[in-house]
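Let's take a walk through a protein model together. Have the sequence and the 3D view open, and find each spot as we come to it.

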Amino acid sequence: MSESAAAQSKLNIRYWVVKLRKAIRSLSESFWFTPLVMIIASIVSAYLLPTISSTSIDSFFSSSRLAVSDKDAAMQIVQGIASAVITITSIAFSMTIVALVMASNQFGPRLLKNFMQNKMTQFALGIFTSTFVFCLMVQSQIKTESSTVTVVHPQLSVFISIILALMCVMVLIVFIHHVATSIRADTVVKNTAYSLMLDMQKLKAQSERVGMFPNLLSQSQLKSEAHITSDCDGYIQAIEYQYVTDLAMKYDGLIVMEARAGDYIVQGAKVASLHSNAPLPKKISIDEALVVGEERTSLQDPLFGINQLVEMAIRALSPSLDDPFTACNCIDRLASALNTFSPHDLPQPLITVNNKPAVLTSDPDYRELFDGAFTQIRQSCYAHPFVLSHLLDTFAMMAQANNNAKHVQYAIKPHFTSIQEHVSDGKAGFSSQDQRSYESRESKLEERLK
C-alpha cells in the first residue's frame, strides 16, 4: 500500500470513529434502544430455557416449595404477572411523560435530552416491557392437555417469571423515587453541570494537541488563497481536525477555520480558507471532516452545555418562575466549570505540525466561554439584587481561586464594568440597603482585580 493510500485509510478510520461516537450518543439519547435490547434478550431466553434440562434442576423443582407443579396454576401465575407488568409499564410511561412535560415547562425543551439519556429510566422501561414479553412467550409454551398434545410445563421459565415480577416491583419503587428526585431543580442543575464538566475536560485534552507558534505567518505573506465551502446543510456537530491538518500540510499552507462545532451552515457556505504560496485548485472541500446533523450536540461544542445552564438561570429569573436560588445555583456550577482551566491548559486556537502552523481554528477561547456563561445572566439579574450580589461574589471568588490570573481578570473586567455603568446610571433601582450591599461587593471585587 502506498503512503497516500495508507494516509487516506487512516483518515477514513478517524472519520468513521467520529461518526460512531455520534451514533452511540444518539442511541444513548433514545428511549427505545435499551428496552429493545432487553425485549430481544427476553424472547431468546424464553425459547432457550425450556431446552435446559439437568438432574440438579429437575431435583430442585421436585423438592422446592417455590416450584409450581400444576400447569393450570402456572398458567394463572404467568397470566397474572403479564397483566400486572403491562399495567406497571403504562404507569411508568405516564410518569415519564409527566416528568418530561414538567421539565420542558420549567427548565426548557433543550434539557429533554438529559432526561432521555437517563439510564435508570431506560432500564425501568426495559425491565417492564421485557418481563411482559417474556411472560407471553412462557404462556405460549404451557400446553393444555389433549389427546394429541403432550403436556409441557417449563417450570424454570415460570420460576424466572416470578423472579422478574419481584424485580419489577422493586424497580417500580426505585423508579418512583428517581422520577421524584430527577425533576428537582437542584438535581437538574447538578446533572447538567456534570455533563458540562466532562465537556470542559475534553476541551482541556484538546489543548494538548496544539502548540503556540510565536511567529505566526501573516496571511498577507501567503500569495494564494482559496475559499473552502461546504455542500452540507445543518449543525456542525464535530470536526475531524486531523483531516484538516493533513490537508494544510498537503498544500504547505495554513487553513483558517471560519466555522466550528455548534455553527449552522447552509449549502455553499464558506467554512474555511486555505492560504499558501503553492498553486491551489479552484475547488477544495473538507466535508469529509465535518459531522453535520439536525441539532446541536455537546460532542465538540462546550457552549452547548453552557447554554443549557444559562437557559435554566434565565428562566428562573423570569416573572413566571421567579426562582433566584436556582439562578444562583446555575452561576455556581458555571463558575466551577470555568475554574477547571489554568493558564497552562487554556483552549488554544492554533494547531501546529513540527512547530509549523497548520490550522487556525475558530473554537471558543476562555474569554468567549466566560462571556457565553455570564453575559445573558448579567443582563437578566439587574432586577434581582440578590442574584447580582451573588454574581459579584462569584467573580471575586474566581479571581481569588486563580490567584488573579490574567485570563480570569481579562474575562471578568468587561462584565464588572457593565454592572458598574448600569448601577451608576440609576437603572438598577436599588434600595439603600441593597445599595450598601452592592457597594461592599463592588469594593471587594475591585480589590481582587488590582
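Start at leucine 172, which, if you skip neighbours within four places in sequence, is in contact with Ile88 and Phe128; contact means heavy atoms within 4.5 Å. Leucine 172 sits in helix 7, residues 155-182. Helices here are DSSP runs of H or I with at least four residues, strands are runs of E with at least two, and both are numbered from the N terminus. Is leucine 172 buried or exposed? Its relative accessible area is 16%, so leucine 172 counts as buried. The cut-offs are these: buried is under 20% relative accessible area, exposed is over 50%, and partly exposed is in between, using a 1.4 Å probe and protein chains only. Leucine 172 and leucine 125 are 47 residues apart in sequence, yet their C-alpha atoms are 9.7 Å apart in space.

Before going on, a word about what you're looking at. This is a predicted model, where local features need pLDDT of at least 70, side-chain atom pairs count only at pLDDT 80 or more, and totals for chains, interfaces and linings use all residues. Residues are numbered from 1 along each chain as its sequence is written, and side-chain values use heavy atoms, with hydrogens and water left out.

Now zoom out. The protein chain has 15 helices and 8 strands. Of its 450 residues, 46% count as buried. Take the contacts between residues at least 6 apart in sequence: 82% of them join residues at least 24 apart. The chain exposes about 22,700 Å², and carbon and sulfur atoms supply 57% of that. Those accessible areas come from the Shrake-Rupley method with a 1.4 Å probe; for residues, only the protein chains shown count as cover.

With a relative accessibility of 4%, threonine 245 counts as buried. Leave out residues up to four places away in sequence, and threonine 245 touches Ile351, Val353, Ala358 and Val359. Val359 turns up again as a contact of proline 349, along with Leu360 and Thr361, once neighbours within four places are set aside. Proline 349 is in the loop between helix 11 (324-338) and strand 7 (350-353), and it is partly exposed at 31% relative accessibility. From proline 349 to valine 256 is 93 residues in sequence, but 10.0 Å in space, C-alpha to C-alpha.

Here's something to look for in the backbone. Most residues other than glycine have a negative phi. Which way does the phi of aspartate 252 go, positive or negative? It is positive, about 50 degrees, although aspartate 252 is not a glycine. You'll find aspartate 252 in the loop between helix 9 and strand 3 (253-257), partly exposed at 45% relative accessibility. Aspartate 322 also has a positive phi, near 50 degrees. Its place is the loop between helix 10 (302-317) and helix 11, and with a relative accessible area of 48% it is partly exposed.

Aspartate 322 leads us onward, being a contact of histidine 384 together with Leu317, leaving aside neighbours within four places in sequence. Histidine 384 lies in the loop between helix 12 (366-380) and helix 13, and it is buried at 15% relative accessible area.

That brings us to some helix packing. Two packed helices are described by the angle between their axes and the distance between the axes. The axes of helix 13 (residues 385-401) and helix 15 (residues 432-448) come within 9 Å and cross at roughly 15 degrees. Axes are lines fitted to C-alpha atoms, for helices over the stretch in contact, and angles run from 0 to 180 degrees between N-to-C directions. Helix 13 and helix 15 are therefore roughly parallel; angles under 35 degrees count as roughly parallel, over 145 as roughly antiparallel, 65 to 115 as roughly perpendicular, and the rest as oblique.

Helix 13 also packs against helix 14 (residues 406-424), at an angle of about 155 degrees and with the axes 10 Å apart. That makes the two helices roughly antiparallel. In this pairing, Leu388, Leu391, Leu392, Phe395, Met398 and Ala399 of helix 13 meet Val408, Ile412, His415, Phe416 and Ile419 of helix 14.
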